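Look over the sequence and the structure first, then read the points below.

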Amino acid sequence: MSIASQGVVRAACPHDCPDTCAMEVTVADGRAVKIRGAADMPFTNGALCTKVAHYLDRVYSDQRLLHPMKRVGRKGEGRFERISWDEALDTIAARFRDIAADDPRAILPYSYAGTMGLVQGESLDRRFFHRLGASLLDRTICASAGALGWKATIGASIGTDPEAVVDAKLILIWGGNPVVSNLHGWRYLQEAKRRGAKLVCIDPRRSETAAKCDVHLAPWPGTDGALALAMMQVLIADDLLDHDYIARHTTGFPQLAERVRGCTPEWAAPLTGLPVDVIRSLAREYGDCRGAASPSLIRLNYGLNRCAGGGMAVRNIACLPALTGAWRHAAGGALLSTSGNFPIDHKALQRPDLYPRQEGRPPRTINMAFIGEALLEAQEPPIRAIYVYNSNPVAVAPDSNRVKAGFAREDLFCVVHELFQTDTADYADILLPATSQLEHRDVHGTYGHLYAVANFPAIAPLGEAKPNTEVFRLLAERMGFTEPALFEPDEKIAAAAFRLGDRRALGVTPAALAQRGWGRLNLPRPFAPFAEGGFPTPSGKCEFHSSLLAAMGQDPLPAWHPPAESPVSNPALAARYPLALITPPARNFLNTSFANLPRFRDEEGGPRLQIHPDDAAARGIADGARLRIHNDRGEFQAQAEVTTDVRRGVVVSPSVWWQKFSGDGNNANAVTSSAPTDMGGGPIFYDCLVEVARA
Ligand SMILES: Nc1nc2c(c(=O)[nH]1)N[C@H]1C(S)=C(S)[C@@H](COP(=O)(O)OP(=O)(O)OC[C@H]3O[C@@H](n4cnc5c(=O)[nH]c(N)nc54)[C@H](O)[C@@H]3O)O[C@H]1N2
Ligand SMILES: Nc1nc2c(c(=O)[nH]1)N[C@H]1C(S)=C(S)[C@@H](COP(=O)(O)OP(=O)(O)OC[C@H]3O[C@@H](n4cnc5c(=O)[nH]c(N)nc54)[C@H](O)[C@@H]3O)O[C@H]1N2
Ligand SMILES: [Mo]
């Protein structure tokens with residue numbers, strides 16, 4: 001890896017955010033001294049968010065792990081002693097060999113999106129564990145419900161071009177808070193507003209984004225699916241439809257019409273907690289497809305997919321623009337994710353073919369969202385070793401008391417590869433130091449725009465830190481594996497990440513990315529993906545009647561899937577725990593990344609709970625009071641913020657705090673449920689009843 005000791009190096013923001021910024025890192029005497037958003041990259045537009053603008057704080061933090069260590073204290077206690085890389089790798093290889101001799105499926109890799117890079121996030125790691133025959137991991141913790149609901153309707157994670165939205169006239173921001181979690185995308189929505197668009201935010205709380213929109217509708221959490229069904233009912237009953245688009249580019253319209261006949265605003269009002277006339281006028285305004293509302297755009301995010309009916313909610317919403325023909329316009333339609341536009345060669349990156357085919361030993365898949373249950377209950381075989389990288393499950397997975405109990409198992413061999421000593425790292429037997437994005441090579445697609453971004457190492461690894469890929473090369477060697485695919489250099493992996501035979505990849509060739517650091521997919525500009533139909537579903541149409549769901553034996557039509565925990569769906573539970581808790585992303589954190597660094601913790605203040613004045617008064621809670629938020633699963637503490645930004649009955653705790661920085665050693669996931677979503681097996685973080693009391 002050649003590293004310049006002077007100059008400006010092209011980089012990519014690695015974090016799990018739709019914006020995937022192109023960055024420039026200035027290096028002097030081998031030290032990164034400045035970081036900024038690439039001015040020539042249109043979506044980044046020279047700006048970074050409040051977190052990554054201070055990225056060098058993270059890179060050079062005195063909390064960085066710099067050497068391999070082994071546990072000397074109890075599990076979870078976080079006491080370690082320095083060892084050499086040789087000792088660390090020999091220990092891991094010996095344990096893995098031992099366990100694999102019985103059944104390699106007792107070994108579980110655990111990773112998510114600490115880096116979104118294709119090299120450090122889904123290449124040699126996957127190849128190594130495939131070759132080993134380890135358990136497979138179903139990576140469901142964020143978006144699997146919404147992704148499947150979208151796929152059932154639209155066919156792939158493709159939607160409106162985020163740069164084209166400036167010409168939209170009515171924009172529904174649904175289950176997302178772009179001011180916080182999609183700042184660069186927000187710039188385009190604001191430009192639309194300047195050009196006369198009306199912005200409507202649909203979110204149970206007045207988020208930073210809702211405060212800047214023309215209208216804010218606050219449904220009860222997990223009821224968006226009912227709202228969308230009622231909108232469809234009005235569009236159909238009032239004939240606010242694009243009949244030509246429906247006839248040519250959709251399937252199942254008659255069945256849909258039949259299905260939603262009873263889903264009137266009167267039906268949806270008690271479910272959503274929104275007034276009947278508000279629902280009806282939202283639908284009528286949305287259906288004003290030849291008038292002021294044209295083109296209309298729905299910008300969804302994943303906030304609404306973290307409830308029991310999250311998959312179906314996204315599916316229902318995804319039906320709307322085909323009814324009105326909003327897809328005809330480049331600025332219209334709907335956008336959840338752009339990731340399906342990238343011709344990423346996942347098979348070449350991950351090499352599932354390396355998995356050993358053995359009689360009587362089929363691959364076993366573990367759902368990452370329910371890692372507590374898996375560690376405590378999985379059989380045939382039980383999990384005997386876990387290797388965590390790019391993730392902090394003890395803090396981010398639901399029902400964390402069970403997760404902690406699982407990680408605390410004395411007989412579990414736990415490896416954690418991290419930049420920092422996270423809540424999860426405290427449970428490691430072997431703790432390995434990881435490089436930051438400035439110290440390794442990568443290449444990125446994204447889910448929020450149409451540009452690929454390359455990352456070149458700007459500085460040498462700090463201390464003895466190593467990139468994920470390097471550790472897996474070393475482990476493969478110690479395991480005695482010989483397949484060349486396990487030893488490929490990062491440069492070669494990066495060059496093969498996109499299928500170069502694909503027309504879209506012409507804009508993101510290795511040469512183009514090396515030269516400029518970023519490249520736009522070779523797609524028309526503006527890109528109006530479904531103006532002429534051509535949906536990537538089996539029928540080639542927008543599927544009101546989903547062949548995918550039918551093939552899965554599920555209800556093929558849009559439907560109402562109520563929340564698991566709400567006063568309407570579970571009155572008995574609500575009698576004991578009457579408040580609905582949501583725990584959306586905090587502005588200064590990225591999941592738990594950044595939440596250990598003083599600058600961001602200070603900025604965020606501390607764990608807090610927003611509560612409506614009426615709910616606070618009923619419990620004798622004053623602003624600033626220390627609160628205990630609890631249910632049958634557990635409890636955590638936070639400071640009361642009494643505010644009308646949340647509706648009565650809903651409480652909000654911006655997340656995700658590290659447990660060890662949370663006062664009582666718990667964060668909000670102590671109370672969240674490990675029940676699955678209706679589709680995709682995701683977690684239902686925002687479908688969670690609690691009671692609140694003074695601590
Ligand atoms: N600053 C910052 N940025 C981030 C992240 C972060 O932690 N911090 N996380 C990143 C990640 S991992 C992701 S997946 C993305 C997207 O992450 P998302 O979780 O989609 O984040 P937001 O865009 O903040 O949108 C969530 C919004 O949905 C609202 N919400 C909660 N429940 C419901 C509901 O039932 N219905 C409706 N309509 N709204 C609901 C919340 O109040 C919140 O304002 O953001 C990424 N960007
Ligand atoms: N209550 C509640 N819980 C949530 C959410 C919520 O909204 N509310 N959001 C959920 C969502 S959307 C998501 S996506 C998940 C996120 O869950 P995770 O993907 O686990 O995200 P992070 O907490 O940021 O942890 C990523 C870790 O990877 C490490 N890392 C970064 N780069 C590298 C690298 O190159 N190598 C290695 N080895 N490690 C690296 C970072 O230091 C960090 O500790 O959390 C979920 N949990
Ligand atoms: Mo996420």
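A residue is near a molecule if one of its heavy atoms lies within 4 Å of that molecule. By that cut-off, 34 residues are around ligand 1, and S181, D203, D224, R306 and F589 come nearest. Around ligand 2 there are 31 residues.

The model is predicted: local features need pLDDT of at least 70, side-chain atom pairs count only at pLDDT 80 or more, and totals for chains, interfaces and linings use all residues. Residues are numbered from 1 along each chain as its sequence is written, chains are lettered from A and ligands numbered from 1 in the order in which they are written, and side-chain values use heavy atoms, with hydrogens and water left out.

**Domains**

- The domain assignment gives three segments of interest: domain 1 (69–139 + 344–434 + 464–504), domain 2 (160–336 + 531–551) and domain 3 (571–694). Such bounds come from an automatic or database domain assignment.
- Between the C-alpha centres of domain 1 and domain 3 the distance is 30 Å. Their contact (heavy atoms within 4.5 Å) takes 19 residues from domain 1 and 24 residues from domain 3.

**Ligand 1**

- Which domains give residues to the shell around ligand 1? Domain 2 and domain 3 both do, so ligand 1 lies between them.
- Polar contacts are listed next; the term means a pair of N or O atoms within 3.5 Å, and within protein one must be able to donate a hydrogen and the other to accept it, while residues adjacent in sequence count only if both atoms are side-chain atoms.
- A nitrogen atom of ligand 1 sits 2.6 Å from a polar backbone atom of F589. F589 is also among the nearest residues of the shell.
- A polar backbone atom of G222 is 2.8 Å from an oxygen atom of ligand 1.
- The side chain of N301 has an N or O atom 3.3 Å from an oxygen atom of ligand 1.
- On its own, ligand 1 has 890 Å² of accessible area, and the protein covers 99% of that. Accessible areas come from the Shrake-Rupley method with a 1.4 Å probe; for residues, only the protein chains shown count as cover.
- The shell holds 18 nonpolar, nine polar and seven charged residues. Ala, Val, Leu, Ile, Met, Phe, Trp, Tyr, Cys and Pro count as nonpolar, Asp, Glu, Lys and Arg as charged, and the others, Gly among them, as polar.

**Ligand 2**

- Domain 1 and domain 3 each supply at least three residues of the shell around ligand 2.
- An N or O atom in the side chain of S391 is 2.8 Å from an oxygen atom of ligand 2.
- The side chain of N669 places an N or O atom 2.9 Å from a nitrogen atom of ligand 2.
- For N390, a polar side-chain atom lies 3.1 Å from a nitrogen atom of ligand 2.
- Taken alone, ligand 2 exposes 910 Å², of which the protein buries 96%.
- By class, the shell around ligand 2 has 12 nonpolar, 15 polar and four charged residues.

- Helices (H or I, at least four residues) and strands (E, at least two) are DSSP runs, numbered from the N terminus.
- N390 is in the loop between strand 15 and helix 16 (393–396). Its phi is near 55°, a positive value in a residue other than glycine.
- Is N390 buried or exposed? N390 counts as buried because its relative accessibility is 12%. Buried means under 20% relative accessible area, exposed over 50%, and partly exposed in between (1.4 Å probe, protein chains only).
- E380 also has a phi near 55°. E380 lies in the loop between helix 15 (371–377) and strand 15 (385–389).
- E380 counts as exposed, at 70% relative accessibility.

**Cis peptide bonds**

- S294 and P295 are joined by a cis peptide bond, with omega near -5°. P295 is in the loop between helix 12 (276–286) and strand 12 (296–300).
- The bond between S655 and V656 is cis, with omega about 10°. V656 falls in the loop between strand 26 and strand 27.

**T677**

- T677 is in the loop between strand 26 (650–652) and strand 27 (689–694).
- T677 counts as buried, at 7% relative accessibility.
- A polar atom of the T677 side chain lies 2.8 Å from the backbone oxygen of M679. The T677 side chain also reaches the backbone nitrogen of G682, at 2.8 Å.
- Leaving aside neighbours within four places in sequence, T677 is in contact with A145, N305, C307, A308, G682, P683 and I684.
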